[in-house]
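Here is a colleague's note to read beside the model. Please keep the structure open while going through the points.

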Amino acid sequence: MSRNLCMIRDVDQHVNETVTIGCWLHNSRSSGKIRFLQLRDGSGFIQGVVVKNEVDEQVWEDTGKLAQESSLYITGVVREDARSKGGYELTVTGVEIIQLTSDYPITPKEHGVDFLMDHRHLWIRSPRQRAILVIRAQIIRAVQQFFDERGFHLVDPPILTPSSAEGTTSLFHTKYFDEDAFLTQSGQLYMEAAAMALGRVYSFGPTFRAEKSKTRRHLIEFWMIEPEMAFFTHEENLEIQEQFVAYIVKSVLEHCRRELEVLGRDVSRLEGIEAPFPRITYDEAVKFLQENGHEIQWGEDFGAPHETAIAQQYHKPVFITHYPTDIKAFYMKPDPARPEVVLCADLIAPEGYGEIIGGSQRIDDPELLEQRFQQHELSKEAYQWYLDLRKYGSVPHSGFGLGLERTVAWICGLDHVRETIPFPRLLYRLYP
Ligand code: 4AD
Ligand code: MG
């Protein structure tokens, strides 16, 4: 028999009606003749109230056996209740235990990070972790909507690749039968091919970097959104990025208020995120840093403290443009007016969350691209197909990559990217 279950998120449509919910016990407390059950079903949380004198003896007895994470079907009448968190309560009339539990490892007390990471498969049930994953899902939804509304096509680049896209130091090596292969660091080069076929494209997929850096911002496996647009210049590339990021933030504010509240996020910091975003050149950024006591010379890359110092000057994400050609990827187009810098930008999130986007206009001249292969010691054979894109109807084109986990960390206000993905792959952590 179908139970016709109600989801907790839908109880507002059943006020004063009897519903049955499939759920887990999150927490409970009892004061003699009345018992309060904090119930969760994934869609939300609701408090069930069991009054000893108003229920069958069996119901009182069974609800007394429940421990944290016991699973059950609960039946009751939905009541509007201004004092309770979600605005509704359940006056319990019946219970059917599915499984009783004992010794659930993640008790409501404080636990260390290592313990929680070892129990990540259970940790994701907690209200905070649930809120983060719900916001992550909403961001992905917003990404798809944004590009769908603008005539982009979703294209899936390969995961197993014969060559590198973002430098050779962080490649994940594997065997491909008798050949060597690498897990993709970025789908970009393939997305450039796709843009020449479909015009405006974006990808959304996992990327891998064998980075030996143990920081709050680095994952070994992370998800990237990589749009690529034919006939887009550097300036147009920045414009779509700021619209894109503003759209994502707005969408989360619209759909995830409750989750942001669970996280204690200061939403006023998100409400002002609207296009346009400020832009400064690399030159200006170096000057600013030097004037503010940072040891940095023109030609050096920025580290996290530099990015944070720059970002603190603004309430919105800030573009740093025109980095030195020598410290950026081989495919970036030099500024025709000043070839020692490239037509690129990193987008730095506010509040110290660091770089969330890297992007650029791409080299469209086949000879220049060949020169770059030589300078970067990349084998011409391996990139022949990529060179073809510049031989057969080369056009100006641009694209960028948004790191999903860093975006989630910023929007949720999290200290570390490890909480932004269901099962983080970190340096020295492959379990669970
Ligand atoms: O700046 P990156 O390396 O750029 C690219 O990969 C380009 N091919 C993208 C493109 O133009 N299509 O990476 C892009 C973004 C960074 O800004 C950052 O948000 C994220 O990906 N990212 C990481 N996130 C988590 N852990 C890591 N190890 C990351 N490395 C990069
Ligand atoms: Mg980058």
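The points below go from the whole chain to single residues.

1. Overall make-up. This is a predicted model. The protein chain has 432 residues, of which 37% count as buried. Its secondary structure comes to 13 helices and 18 strands. Along the principal axes, the C-alpha atoms fill a box of roughly 85 × 55 × 40 Å.

2. Domains and contacts. The chain is divided into domain 1, residues 11-99, and domain 2, residues 120-419. The C-alpha centres of these two domains are 45 Å apart. Take the contacts between residues at least 6 apart in sequence: 65% of them join residues at least 24 apart.

3. Strands of a sheet pair through backbone hydrogen bonds, and the pairing is either parallel or antiparallel. Here an open sheet of eight strands runs in the order E6-E10-E11-E18-E17-E16-E13-E12, and its pairing is mixed. Its edge strands are E6 (153-154) and E12 (279-281), each of which pairs on one side only. Strands E11 (221-230) and E18 (397-403) run antiparallel and are joined by five bridges. In one of these strand contacts, methionine 224 has glycine 403 in E18 as its bridge partner.

4. The ligand shell. Which elements each supply at least two residues of the shell around ligand 1? They are E11, E17 (354-361), E18 and helix H13 (404-412). E17 gives the most, with five residues. In total, 23 residues surround ligand 1, and the closest are Ser186, Gln188, Gly358, Gly401 and Gly403. By class, the shell has eight nonpolar, eight polar and seven charged residues.

5. Helix H4. Helix H4 covers residues 127-149, 23 residues in all, and reaches 33 Å from its first C-alpha to its last, close to the 33 Å expected. In an α-helix there are 3.6 residues a turn, so residues three or four places apart point the same way. The buried residues of H4 are Ala131, Ile132, Ile135, Arg136, Ile139, Val143, Phe146 and Phe147. They pack against strands E10 (200-208) and E11, and against helices H6 (234-255), H7 (257-262) and H13.

6. The end of H4. Is aspartate 148 buried or exposed? This residue of helix H4 is exposed, because 12 other C-beta atoms lie within 10 Å and 12 or fewer is the cut-off for exposed. Aspartate 148 and tyrosine 202 are 54 residues apart in sequence, while their C-alpha atoms are 9.9 Å apart in space. Just after H4, glycine 151 takes a positive phi of about 75°.

7. Backbone points to check. Most residues other than glycine have a negative phi, and most peptide bonds are trans. Asparagine 16, in the segment before strand E1 (18-31), has a positive phi of about 70° although it is not a glycine. Asparagine 16 is exposed, with 9 other C-beta atoms within 10 Å. Glutamate 351, in the loop between E16 (344-349) and E17, has a positive phi of about 65° and is not a glycine either. Glutamate 351 is partly exposed, with 14 other C-beta atoms within 10 Å.

8. Cis peptide bonds. The bond from alanine 275 to proline 276 is cis, with omega near 0°; proline 276 is found in the loop between helix H8 (268-271) and E12. The bond from tyrosine 431 to proline 432 is cis, with omega near 0°, and proline 432 is in the segment after H13.

Conventions. Residues numbered from 1 in each chain as written. Chains lettered and ligands numbered in written order. Predicted model: local features only at pLDDT ≥ 70, side-chain atom pairs only at ≥ 80, totals over all residues. Pairing = 2+ DSSP bridges. Helix = DSSP H or I, 4+ residues; strand = E, 2+ residues; numbered from the N terminus. Buried ≥ 20, exposed ≤ 12 C-beta atoms within 10 Å, placed from the backbone. Contact = placed C-beta atoms within 7 Å. Near = placed C-beta within 6 Å. Nonpolar A, V, L, I, M, F, W, Y, C, P; charged D, E, K, R; others polar. Domains from an automatic or database assignment. Expected span 1.5 Å × (residues − 1).
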